[in-house]
Amino acid sequence: MARFAQITNATRATTVAERCRVASSTRDRTVGLLGTPPPGEPLLIERSPSIHMFFMRYPIDVVFIDRGLRVTKVVAGLKPWRVVWWARGARDCLELPAGALSSTETQQGDQLVITESADKGGVSGR
């Protein structure tokens with residue numbers, strides 16, 4: 001069963017993702033957004049301090065976060081066939097539709113909050 005969460009930026013008082021799918025299994029983390037239509041749904045990939053865009057068809061915005069949900073790195077408009085090898089200090093990766101970083105003003109150092117989605121299962125409080 002799919003897990004979902006809401007992600008807010010406590011530093012900027014903005015909603016980064018109203019409904020974000022959580023990828024925690026090896027399969028879900030490996031597949032990610034492959035095969036999804038643009039602009040792509042928000043996806044939180046647990047235990048992923050690096051990502052690749054092989055076989056992707058559209059750009060995305062990427063946010064890397066540490067265990068405390070602090071943003072360690074942001075990449076706006078990451079294009080297909082690119083790689084972010086390693087985001088120092090990151091534990092998880094949040095993939096967002098292109099333009100989400102600028103509309104939410106999310107930056108390195110911001111504090112995020114992940115809240116369980118009541119209607120679709122969800123992540124435990126982090």
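This is a predicted model: local features need pLDDT of at least 70, side-chain atom pairs count only at pLDDT 80 or more; totals for chains, interfaces and linings use all residues.
**Exercise 1. Characterise the extent, burial and contacts of the protein chain.**

Solution. Step 1: the C-alpha trace spans about 35 × 30 × 25 Å along its principal axes. Step 2: 44% of the 126 residues count as buried, where buried means under 20% relative accessible area, exposed over 50%, and partly exposed in between (1.4 Å probe, protein chains only). Step 3: the accessible surface of the protein chain is about 6,600 Å², and 53% of this belongs to carbon and sulfur atoms. Such areas come from the Shrake-Rupley method with a 1.4 Å probe; for residues, only the protein chains shown count as cover. Step 4: among contacts (heavy atoms within 4.5 Å) between residues at least 6 apart in sequence, 60% join residues at least 24 apart.

**Exercise 2. Identify the residues of the nonpolar surface patch and describe Val-31 and Phe-55.**

Solution. Step 1: the patch consists of Val-31, Leu-34, Phe-54, Phe-55 and Trp-81, which together have about 480 Å² of accessible area. Patches are made of residues with over 30% relative accessible area and no salt bridge; like charges are joined within 9 Å, nonpolar side chains (Val, Leu, Ile, Met, Phe, Trp, Tyr) within 5 Å. A salt bridge is a side-chain nitrogen of Lys or Arg within 4 Å of a carboxyl oxygen of Asp or Glu. Step 2: Val-31 belongs to helix H1 (residues 26–31) and is partly exposed, at 33% relative accessibility. Step 3: Phe-55 is in the loop between S4 and strand S5 (60–65) and is exposed, with a relative accessible area of 62%.

**Exercise 3. Examine the backbone at Phe-55, Leu-69 and Pro-39.**

Solution. Step 1: most residues other than glycine have a negative phi, and most peptide bonds are trans. Step 2: Phe-55 has a positive phi, near 70 degrees. Step 3: Leu-69 also has a positive phi, of about 70 degrees; Leu-69 is in the loop between S5 and strand S6 (71–78) and is buried at 5% relative accessibility. Step 4: the peptide bond from Pro-38 to Pro-39 is cis, with omega near 10 degrees, and Pro-39 is in the loop between H1 and S3.

**Exercise 4. State whether Glu-46 is buried or exposed, and which side chain it contacts.**

Solution. Step 1: Glu-46 is in the loop between strand S3 (43–45) and strand S4 (51–52). Step 2: its relative accessible area is 8%, so Glu-46 is buried. Step 3: the side chains of Glu-46 and Arg-3 are joined by a polar contact of 3.5 Å. A polar contact is a pair of N or O atoms within 3.5 Å; within protein, one must be able to donate a hydrogen and the other to accept it, and residues adjacent in sequence count only if both atoms are side-chain atoms.

Terms used:
Residues are numbered from 1 along each chain as its sequence is written. Side-chain values use heavy atoms; hydrogens and water are left out. Helices (H or I, at least four residues) and strands (E, at least two) are DSSP runs, numbered from the N terminus.
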